[in-house]
Amino acid sequence: MLAEFKTHFQNNFESLKDDTFLLAISGGIDSVVLAHLLFKCNIKFALAHCNFQLRGEESDKDELLIHDLSEQYNCKLHVTTFNTDGYADAHKVSIQMAARELRYPWFAEIVRDFGYKTVLTAHHADDNLETFLINLSRGTGIEGLTGMPEKTEALARPLLIFSRAQIAAYAEAENLTWREDASNADTKYLRNKIRHDILPTLKTLHPTFEANFEHTLAHLQGSAALLKNYIGEVKKRLFVAKEGVDYISIQELQQLEPLDAYLYELFNPYGFTSYTDIRNLLTALSGKEVFSKTHRLLKDREHLLLQEIETSDDQNYFLEDGVTEINHPIKLSVSAAENIVFSDDANILFVDKKTLKYPLVVRKRQEGDYFYPLGMKGKKKVSKFFKDEKMDMIAKEQQWLLFSDNKLVWIIGKRADERFKVTDSSTSILKFTLH
């Protein structure tokens, strides 16, 4: 196995050979074997161990073993302790999910702080098969049936070509010491049920079951790559990006067949798992929206608007007299002007300073806001102005307004208020510029 691992690492991780890796090590047989293989191949690595405090004294013994290994291999060790039960209760997730959500951000922090190339994990071929069956049982698209990738931007899995049996045989032959987690035998967990009850049965169906699965996985990965490339071309045509929002023509979406398959593939990368919700959105009233954990999808007239979820910004931002610029929430500069330079640039506003009362306020629209549009008689609700301008709903939400003493001075970048305009009697002029 050592020679095969060395060749595999050289062929698939050649560009990383001179770097130092961070090996996520639990103390179990898989990660202990990976540490030994790396050491035998003279590959530089550090160890990272999480004590999840789930097995009392046994968890502490796992940590002691990792300390011994770090001394044996003369490598740096990073150890942390998590209150996993408390995290799971607070976030209403399973213990397995809690452990995942705790460890991976910690790994990323160590990689960033210590300059490691990437994180290595000891996932192997049987893990891939188990993951395939778990996803199949829960229902998934093709991406859930392609297995774990050997490399991502953050992770590398150099043991994926080896089976659990090969790893066990290597550990025995090298007299390695590892720790057994008794919970791995508990079939109340789905993965363990598949590992101990289902896979042994499947492997009796055909003598080359595992090899056949690897071939199937390769075919699925090829098909997934083709599909990804094609969907990428469709997205280039349908998704029109503008100021952080993707505009997607509903008419063009509805022409795609089979529609549900397209909706799933187009929007699943943004966390939308139900194509039914998106299909219903196509015929819903404007303003209807659905959410994933990271994105919102909004129906607005003839388009769906896709936007990454941002925290609501209902704050007031103040601009004191004498301040020449602000950089948040927008970049706005203020300067004195001798006279007006007439321009069609909507991002420039000239006002009579004497009409202003400080501090000025920059904020979003609120119900009932109105102004007196420059060059017009009478007042107009800001909501009516937005409608007349045919602003979509996200653009309305993102629009900033400038106020003086609760009076609207400027719909920033769009329209000024008559009450603050420069006249022949103006003696002090300010120029506002939106950058």
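## Helix pair α6 and α8

Helix α6 (residues 125-138) and helix α8 (residues 190-203) have axes that come within 10 Å and cross at roughly 105°. Axes are lines fitted to C-alpha atoms, for helices over the stretch in contact, with angles running from 0 to 180 degrees between N-to-C directions. Helices (H or I, at least four residues) and strands (E, at least two) are DSSP runs numbered from the N terminus. The two helices are therefore roughly perpendicular to each other, a class that covers 65 to 115 degrees, whereas angles under 35 count as roughly parallel, over 145 as roughly antiparallel and the rest as oblique.

On the α6 side the contact includes Leu129, Leu133 and Ile134, which belong to a set that meets α8 residues including Ile194, Leu199 and Leu202. Contact means heavy atoms within 4.5 Å. By class, the contact of α6 with α8 has seven nonpolar, two polar and seven charged residues. Here Ala, Val, Leu, Ile, Met, Phe, Trp, Tyr, Cys and Pro count as nonpolar, Asp, Glu, Lys and Arg as charged, and the others, Gly among them, as polar.

## Basis of the model

The model is predicted: local features need pLDDT of at least 70, side-chain atom pairs count only at pLDDT 80 or more, and totals for chains, interfaces and linings use all residues. Residues are numbered from 1 along each chain as its sequence is written, and side-chain values use heavy atoms, with hydrogens and water left out.

## Nonpolar cores

The largest nonpolar core has 32 residues, of which Phe5, Leu23, Leu38, Phe45 and Leu47 touch the most other members. A core is a set of buried Ala, Val, Leu, Ile, Met, Phe, Trp, Tyr and Cys residues joined through side-chain atoms within 4.5 Å. Buried means under 20% relative accessible area, exposed over 50%, and partly exposed in between (1.4 Å probe, protein chains only). Elements giving two or more residues to this core include α1 (2-12), β2 (45-51) and α7 (164-173); the largest share, seven residues, comes from α2.

Leaving aside neighbours within four places in sequence, phenylalanine 45 is in contact with residues including Phe21, Leu23, Leu38 and Tyr73. Apart from this core lies another, of 22 residues, among them Leu263 and Phe267.

## Backbone features

A cis peptide bond joins glutamate 257 and proline 258, with omega about -5°; proline 258 is in the loop between α10 (250-254) and α11 (259-267).

Asparagine 42, in the loop between α2 and β2, has a positive phi near 60°. At 68% relative accessibility, asparagine 42 counts as exposed.
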